[in-house]
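This briefing is for a reader new to the structure. Please look over the sequence and the model before going on.

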Amino acid sequence: MGTTASQLRKDLLSEYQELTFLTKQEIILAHKRFSELLSKEDRNVPTPRVPMEKVLSLPELKSNPFRKRICHVFSTSDMKDGSLTFEDFLDLLSAFSDPATLEIKSHYAFRIFDFDDDGTLDGGDLEKLVNCLTGETDDTRLTTEEMRQLISNILEESDIDKDGTVNLSEFQHVISRSPDFVSSFKIVL
Amino acid sequence: MPSQKKNDIAIRMEDVGIEIDGELDSGSEGKNRKAKASPRAGGRNGKPATTEDEEEEEDQDEAPRKRARKKKASAQDSEEEEEEDDRSAKRKGTKAAGRKKKAVKEEEEEEEEEKRGKKKKGGKGDAKGKGGKEKGSGKDKKKENGNSSSSGESGDEDSLSEGEMASLKEEVEEKKKLIATLRNKPWRMKRRLKLLKECQAFVEEFEGALGKGKGRKLYAYKVMMAKKMIKFNRDFDNFKTACIPWERKIKEVESHFGSSVASYFIFLRWMYGLNLVLFAFMFGLVVLPEVMMGLPYGSIPRKTVPRAEQDRAMDISVLLDFGGYCKYSILFYGFYNDERTIGVLQFRLPLSYLLVGVGIFGYSLMVVIRTMARNSDEGGDGGDDGQFTFAFKMFTSWDYLIGNPETADNKYASITTSFKESIVDEQENQKDENIHLRRFLRVLANFLILCSLGGSGFLIYFVVKRSQEFANLDQDELSWFEKNEVEFVMSLLGLVCPPLFETIAELEEYHPRIALKWQLGRIFALFLGNLYTFLFALFDEVNAKLEKEKSIRNATIWGLNEYYSNYSSYHNTTDIPPPDIHPADVIRGPCWETAVGIEFVKLTVSDIQVTYMTILIGDFLRAMIVRFLNYCWCWDLEAGFPSYGEFDISGNVLGLIFNQGMIWMGAFYAPGLVGLNVLRLLTSMYYQCWAVMSCNVPHERVFKASKSNNFYMGLLLLVLFLSLLPVVYTIMTLPPSFDCGPFSGREQMYNVVMETIENDLPAFIGNIFTYATNPGLILPAVLLMVLAIYYLNATSKNYQNANLELKKKMQMARDEEKNRRNNKENTNQVMQDLEDLLPNRSLLPPAAAEEKPPLEIVREKGSKPPKVAKRPGAAANGKGVNIQKDVSLAAPNPKAAVTHPPGPRGPSGNARGPPPGPARGRGRGTPPSRR
């Protein structure tokens, strides 16, 4: 694809602009940051991948409790190791960019929250989600009783068809009402 | 070519492979799909889910085209296919160049074939579909080849018939639309890239074929211009984003403190932009012309420091009070001359002054309202709070911008607390032990706050009155404090009162969020009260000055008359030169406008000083002490009492808003004020960024900003309106000073406009203006506006009702779906009755129900049929459920609706065409019968 060169090709650049919500400067910056993550020997591979550990070391993702999920969702790797190509990386940044639509953001948010990749948010997903949100330490964790209560409340609110899980359309329905989501679902390089 | 195609498919399948999709999908259907898809995928065995997903997405793509052809697709399938083939083949023949195009064509063909295959299957509904399709495709290929070879040489654009042209055009338009919306699709980059290339190639190829004869060149030109325009727009956008300052700085703050603190800085930046524009107006249209073309300093009395003040005019203390040379400079109203036109350009300065003064308000209003409208556009309606409290906390509470571990920890803690809080809230829904005590406390608190508000108002009034007395005394006897009492007291009140309110608010025991709102409202009331008291006191002063001015004016006129009569009687001539007095010695009025301007400038400056000092002492010094004394102190300073300061977002935003209010009010009387404010905002950006990063800690309670964004904008609008009032009032009613400012010598300030209309514009415009200002015309106009407001209001209410109705329907539909899935007999009595009445069940394509849960009424309508279709089975067997029939007749496994994430594509599909009902429905419905 020619992205290995330190400079992005011009036509590719304009295509990327067409396909993402990023501006030219942002794409160039993303390319720079991505190239920094690449190890020496990787640079000569046609489509280099950055392993997940390296991506997670970015300060923008370091403190994010969903960082691993984010990598997995955006990775196109066959190995399911969460490694990213440059295009995956652009996909990520585009979905998290400011002008991205609610629709696309909520789609990816759903997939990030769907820990077992089964297409719905079930009890297990929600529990993991709560654990992510409350942090790893014991004093911030919820008790089992609280967790049960919380999850049943959430399902009561958002599980419209009452099948015990939240599916994408239900999720988007909820998210579209949220005033905060679009402004906080953002990552800027 | 086929191998290439295969490759493409393989790639695409790979891409989509990770897309979530229905493993939950009913097995049989998935398998069937796989079987159907396998010939296409060649030897490669994709997962069933994958292929299905792919197909579905293609379906979505195809939707518009389908719509275009649906009319034809009604009756004779096969015939129509032939036709279509012919057409496309011919089209191909016409431009028999380019491998690329061929690839595109192929792709298209393939899609069509696929669709057709589905249709066929739908129609005949057996395994023949597979073979038939393959055969069909083979035939197509052959025919296509033949066609292209035969019509290749004769191919000319003119051979395209009207209808073909139209359809081609439509297709090109579709492709273009697809290109524009491609970024909205949650697909992999590779896939989008490929599709984009295909579409671009297609458009490239066929755009040229469109338009014929004379129109052709024009069309090509138009297309080219459109392309250039797109490119230019994109470049311009890039340029615009490159011009936005402080992106890095704000990002840094964002990652440390989350979106809420950053929102203050974004607001600050927005304010800076606004002020920059205002400054450009003021500077370019008023200040600069006066400096360049007006009379220089010292030429006329208003541009000269009076003799009495001259020896002290350069003292720093005087200059700091904006007296001396400052007072008689372009910074203030009084300096401007009332000559109708100045310079070689005949620039009408007084007119420009008035228009800019009013235009500043107009521009600000426009910008604020536009921003508000845009803000309310995005980010959900937020209307029904409380419906999704838990879900919001769960799904939207993380701030992805946070990149600092400390902030992240705070965020964890705050999220946990909020979870716990809401659980507790839910468990014991408001168990109030002593409601009377609480009520009493709240009343008491409000009483106290009202008292302090009244007190502060009185204090300001008192101080302003006293300052007027001081002004009459000799300046030398006054201490610094006495001179700056007003500003000092106002700043002090702004500093002391908010914490006081906060303390009092503890009595009320409101929920923190409600408490924050009260707090904001109270601070707002305080500022507003103070400002208006200040204004009223100022008005008193102005009136006093007007009295004084009248006497001086009379004295001057009398003196002049005296001089003239003396001169004429002495020299016995009527040709009298003006009195030869040095401009500094001329007696002049108090010029109340300049006085008002000075008050506002002083207020602004003292506000800046107090804000900066507070940051320096309250944040920086505190942080220093906490940081360095911590080594040798009895308790932990960082965790204990003083700790580090938190960034007070609401206070800062309110401060900014009120500062802006003062600028708006004062700008008319002190044109330099806008420039001062630009400087202030500029320094403030750097200073506060530095202060926040170096000495503040993240909020323990992390508030989100977005919700209050429009709230702040609303406050700004209110302040703008409130600052508009006094200025317009003074412009319309108070007479301008007779010897200073651009309007001197006129009865009213707005007379400038009248003069211009009468003297400089053609007569008919004057006439128009007279008619326009006629009450007979204004009253109907106002009436019309009121009616329009009433009408819009009514419509919005209707929409609201419709929304509610839709919501209800949606819930009903979901209930129904759920019940259907559980195979419950009677879901809804009404529906059941209705179904019994319906004679013909196969009229409507039943599969619409499997579409995404209806978000629109269209869908709601569609969801009925499956029920209808299902009923017979149920009715015939009594209670038993005839699965075979159920499936074959339509009712798809409802789970399909759940597992497919049609969501993101839903609306677009909706917008582009009717839910792909028949084709897909039948396609889905058939597989079981193949078993």
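How many residues of chain B are in contact with residues of chain A? The count is 75 residues of chain B in contact with 87 residues of chain A, where contact means heavy atoms within 4.5 Å.

This is a predicted model, in which local features need pLDDT of at least 70 and side-chain atom pairs count only at pLDDT 80 or more, while totals for chains, interfaces and linings use all residues. Residues are numbered from 1 along each chain as its sequence is written, chains are lettered from A in the order in which they are written, and side-chain values use heavy atoms, with hydrogens and water left out.

**Interface of chain B and chain A**

- About 7,600 Å² is buried between chain B and chain A, and carbon and sulfur atoms give 60% of this area; buried area is the accessible area (1.4 Å probe) that two parts lose on being put together, summed over both.
- On the side of chain B, the most area is lost to chain A by Arg183(B), Phe395(B) and Tyr400(B), together 12% of what that side buries.
- The rule finds 2 salt bridges across the interface, each a side-chain nitrogen of Lys or Arg within 4 Å of a carboxyl oxygen of Asp or Glu.
- Arg234(B) forms a salt bridge with Glu18(A), and the closest N and O atoms are 2.9 Å apart.

**Nonpolar cores**

- The largest nonpolar core has 102 residues, and those with the most contacts inside it are Phe265(B), Phe534(B), Phe600(B) and Phe668(B).
- A nonpolar core is a set of buried Ala, Val, Leu, Ile, Met, Phe, Trp, Tyr and Cys residues joined through side-chain atoms within 4.5 Å, and buried means under 20% relative accessible area (1.4 Å probe, protein chains only).
- H10(B) gives the most to this core, with 16 residues.
- Leaving out residues up to four places away in sequence, Phe534(B) touches residues including Val486(B), Met490(B) and Phe600(B).
- A second, separate core of 89 residues includes Leu56(A), Tyr108(A), Phe202(B) and Ile423(B).

**Chain A**

- Chain A has 11 helices and 2 strands; helices (H or I, at least four residues) and strands (E, at least two) are DSSP runs, numbered from the N terminus.
- Of the 189 residues of chain A, 64% count as buried.
- Helix H10 (residues 168-177) of chain A is mostly covered, with 9 of its 10 residues buried; among them are Phe171(A), His173(A) and Arg177(A).

How values were computed: Buried < 20%, exposed > 50% of the residue type's maximum accessible area, 1.4 Å probe, protein only.
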